Amino acid sequence: MVKRIQKPLTLDQMTTIRGIPSSEAYGADHSPSFDQNETNRLYKAAVETLAEEGDRLDSLELLTLLAAIEHMTTLQEPPQRIGIAAVELAQAQLLRSAFPGEALTSAAAENFMGAVTADLHLFLDQTAKPPTDEKGQVLSRRRMQTLLVRHTFYAHHAAQIFRRVARNLERVELPSLGLTLGQASMISMAFAVAVQAALNSSNLKAVIPEWLAGNIERFDPAWTKPYEIDPTILSPAIPDVGVATLAKLLDRLSMAEGELRDADPAHLHLDNPIWRRPFVKHQGRWFCFSPGTLLSSQFDIMAELASDISERPGELVGKARGTALEDMLVEALKQMLPHAEVLRSVKWDDAVGKEFETDAIALIDGLVLIFEAKGDALSMTGRRGSNKWLRDFDDIAVEAAVQSWRLEQALRDQKREAIELRADGRTVRLRLDDVRHVVRFGVSLERVTMASFGLEGHLRARIERAGGMPMPILTIGDLWQVRDLLGSEGHCLHFLLRRNELERDFEFIADELDLIAHYLRTGFVRLWNDVEDRSPVALYGLSDFLRFYQKGSSHYDATVKLPKRTTAWWDKLIREREERRVPGWTDMVYDLLNIPLLSQKRFEEDVRKLRRKVRRLPGQYPREGLLMQAPHQLRPSAFACIAMGRMSSADRIALARGHFTELLESHPDERLFVFVLDTASANPTPALPYYRGIAWDQHVENVGTEGEGVASGLFFEVDASEATP
């Protein structure tokens, strides 16, 4: 009998209510809760088990087991049984004592794994003081949220980022190693890649479950072999770097048994030496039990190596990070918006002549997109939630928001005729009358996991006190996701415009990848708020579904298609706007993509019915019309179609213009599309000769509706197919 493999749940299968996942359990915290006495007892027992069993059992076997389970469960549905954080904590704990110990049994292994998990989940509750104010609550939540989080970008994106940063460090010599800092960084990554390749070809996924089940009697020492790094084997694959040099680098980034003997176990969660020196050395052999740490902690490893030659290694690495981020940002913007004029390191003057600089600006169809890139070096210690980093992160966010807000205000200054943007040795004179809309974004190199819930209230208040307004903060990896998954220029621009608008309406319990997943499913259709208070929206974890679309990763599944959000006709309308690029084309694409799939289908079906009806009408000038409204959104729109039978071209044009004029008067606050269908023609698709946009800064509170409200999934459309022009 063949066992059927159950297909995983995909993004396209998520049921939504108003564009939000309807399952109350999705993204919720399922950690069990206990009373304080029981929590104290469990934590104490976990700490004692880690210390006692770590001294008693064979450390190499324990690390091999934990690392194997982490590798096996990586491709399973979250949460994983053992994550990278557990392997890192166990490795640091085990480096506090000598490695030789008793042979590992499955019962002892289960006991140790349970202790590691309990320690990770209960640590902060036991060691942190209860928060007494909003800032304390934010810090507590950030710490708890990220204690188990390691990866802040996908592996293929990490490789691109590290290569670009390493390229900027190729001239920084490390005399003690005979390498440049850039070389050392990339070679350390190569060690992790080699281990990952060995794991993929090993039989651990088969034998470890059998051993845990008791079907294999002894833990085989050979199971540790895939985690070993052998310089003699790797040297031929690394040009111009000898075995001795590789051994020096491994020694520099390794720790030996007993080296953390004096380390306080309570400090290992927030300041683990493994983040800086991830390898293990034992009896002249080197091991990498957590290849993922080389991704999540690569910049800490760079800083550790740079400390050999600099008293301020963070600044040295930070400069290379900043340059790489600006390079990648400009490249991504040119790929996402190929018809935009993208300017880098733009200097401009305010009304009194004071000069300022903006990292990147994209100009397209009267829209100005402002980007502030912040590649500041962030230590892993800080990312785990230290008080200093809480202040530092807030300072970075405030500075970026104020810088971009200053330029937005200058662009909206009605007293000025134009502003000169100086970049790349040339000057672009931007007439302010030509600026129709301005949006702002912060861009970082990596996600600050402890702040991925978004901007909290106290940080928003700080930005406003400093004279600015909040803005979305994306990573370069987020922009790459938008570029790769959305594709066309209009779709990318729609995401950026809508993402900027969401800041006014909602407080998201989510990171940007969750929002990208949400956009792929819903297009942010009708995701808006018509009340003053910002509403909370919980989407945390929705980005799990993005893993199927990551080409080159183990998760990639070509059979999992992106959710369909547009019909073939809608795609054609958008493509024509993108190709012709008449003034205002970006507004039209924005409006078209604000209509959900079900409403697109309904409108097309009504057009087909209208054509059949008019073709049967008697008389000299047969004609009929229909109207669909999308009133319940931030920028309401209306779609009308007039169908006309046999008549002269002049009469047809006159009737269409008259109908358009009437609609302009009856729908003054809606973005208006008017299609014209010649039913005498063999072509059943109507033309789109008329469009009336609405200024971006015009906000509409109530829009009158005509006809019957028809439920269409994500919002209500209005069907007035019986109305005549």
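I took a salt bridge to be a side-chain nitrogen of Lys or Arg within 4 Å of a carboxyl oxygen of Asp or Glu. The model I looked at is predicted.

**Salt bridges**

By that rule I count 38 salt bridges. I looked up one of them, between Glu102 and Arg56, where the closest N and O atoms are 2.7 Å apart.

**Sheet**

Next I followed an open sheet of four strands, which I read in the order β5-β8-β7-β6 with mixed pairing. Which strands stand at the edges? I find β5 (228-229) and β6 (254-256) there, each with a single partner strand, so one side of each has no neighbour in the sheet. I see β5 running antiparallel to β8 (residues 285-287), joined to it by two bridges. Across from Glu228 I find Phe287 of β8.

**Helix pair**

Last I looked up helix α17 (residues 476-486) and helix α19 (residues 512-522), whose axes come within 10 Å and cross at roughly 15 degrees. Angles under 35 degrees count as roughly parallel, and α17 and α19 are therefore roughly parallel to each other. I note the crossing of α17 and α19 as right-handed. From α17 the contact takes in Asp478, Gln481, Val482, Leu485 and Leu486, and from α19 it takes in Glu512, Leu513, Ile516, Tyr519 and Leu520. I sort the residues of this contact into seven nonpolar, one polar and two charged.

Terms used
Residues numbered from 1 in each chain as written. Predicted model: local features only at pLDDT ≥ 70, side-chain atom pairs only at ≥ 80, totals over all residues. Heavy atoms only, no water. Axes fitted to C-alpha atoms, helices over the stretch in contact; angles between N-to-C directions. Parallel < 35°, antiparallel > 145°, perpendicular 65-115°, else oblique. Left-handed = near helix turned anticlockwise from the far one by under 90°. Contact = heavy atoms within 4.5 Å. Nonpolar A, V, L, I, M, F, W, Y, C, P; charged D, E, K, R; others polar. Pairing = 2+ DSSP bridges.
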